[in-house]
Amino acid sequence: MQQEINIGGIYVSPFVVVLVLTLLIFYPLRAFLDHIEFEKYVWHRSLADACLFVITLGLLVLIL
């Protein structure tokens with residue numbers, strides 16, 4: 001995925017597409033973590049969410 005993507009005449013970076021895919025994966029993951037009460041196991045929930053987002057983003061960049 002090295003080329004820009006043309007959406008309605010606007011060139012979009014492939015990284016933006018990976019960010020959107022990360023959001024589509026991250027929100028269900030966050031809902032699952034809410035279901036199992038993940039905040040009991042971490043010190044700072046927002047920081048843990050940010051780390052999970054970055055990890056997911058990094059994995060998608062490596063895969064794609």
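The model is a predicted one, in which local features need pLDDT of at least 70 and side-chain atom pairs count only at pLDDT 80 or more, while totals for chains, interfaces and linings use all residues. Residues are numbered from 1 along each chain as its sequence is written, and side-chain values use heavy atoms, with hydrogens and water left out.

Phenylalanine 26 lies in helix H1 (helices, H or I with at least four residues, and strands, E with at least two, are DSSP runs numbered from the N terminus). Apart from neighbours within four places in sequence, phenylalanine 26 is in contact with Asp49, Leu52 and Phe53, where contact means heavy atoms within 4.5 Å. Histidine 44, by comparison, is 18 residues from phenylalanine 26 in sequence and 17 Å from it in space, C-alpha to C-alpha.

The aromatic rings come next. A pair of aromatic rings is described by the distance of the centres and the angle of the planes. Rings of Phe, Tyr and Trp (its six-membered ring) pair if their centres lie within 6.5 Å; planes under 30 degrees apart count as stacked, over 60 as edge-to-face and the rest as tilted. The structure holds 2 aromatic pairs. In one of them, the ring centres of phenylalanine 26 and tyrosine 27 are 6.0 Å apart and the planes stand at 50°, so this pair is tilted. Phenylalanine 26 also pairs with phenylalanine 53, edge-to-face, at 5.6 Å centre to centre and with 85° between the planes. This pair links distant parts of the chain, since phenylalanine 26 belongs to helix H1 (residues 14–35) and phenylalanine 53 to helix H2 (residues 45–63), 27 residues apart. Together, Phe26, Tyr27 and Phe53 form one aromatic cluster.

The two helices can now be followed along their length. The expected span of a helix is 1.5 Å times one less than its number of residues. H2 has 19 residues and reaches 27 Å from its first C-alpha to its last, close to the 27 Å expected. After H1 comes glutamate 37, which has a positive phi near 55°.

Which residues of H1 are buried? They are Pro14, Val18, Thr22, Phe26 and Leu33. An α-helix has 3.6 residues a turn, so residues three or four places apart point the same way. The cover over the buried residues of H1 includes strand S2 (10–12) and H2. In H2, the buried residues are Arg45, Ala48, Asp49, Thr56, Leu57 and Leu60, and they pack against H1.

Threonine 22 is found in helix H1 and is buried, with a relative accessible area of 0%. Not counting residues up to four places away in sequence, threonine 22 touches Phe53, Thr56, Leu57 and Leu60. Threonine 56 is found in helix H2 and counts as buried at 12% relative accessibility. With neighbours within four places in sequence left aside, threonine 56 is in contact with Thr22, Ile25 and Leu29.

Finally, the whole chain can be taken in. The protein has 2 helices and 2 strands, and from the N terminus on its elements run β-β-α-α. The radius of gyration, taken over C-alpha atoms, is set against a globule rule of 2.2 Å times the number of residues to the power 0.38. For this protein the radius is 15 Å, well over the 11 Å that the rule gives for 64 residues, so the protein is more spread out than a compact globule. Along its principal axes, the C-alpha trace spans about 45 × 20 × 15 Å. Of the 64 residues, 20% count as buried. Residues 24 or more positions apart account for 49% of the contacts with a separation of 6 or more.

As for confidence, pLDDT is the predictor's confidence in each residue, from 0 to 100. The protein averages a pLDDT of 92, and 97% of the residues score at least 70. Confidence is lowest in strand S1 (residues 5–7), at a mean of 86, and highest in H2, at 96.

Terms used. Buried < 20%, exposed > 50% of the residue type's maximum accessible area, 1.4 Å probe, protein only.
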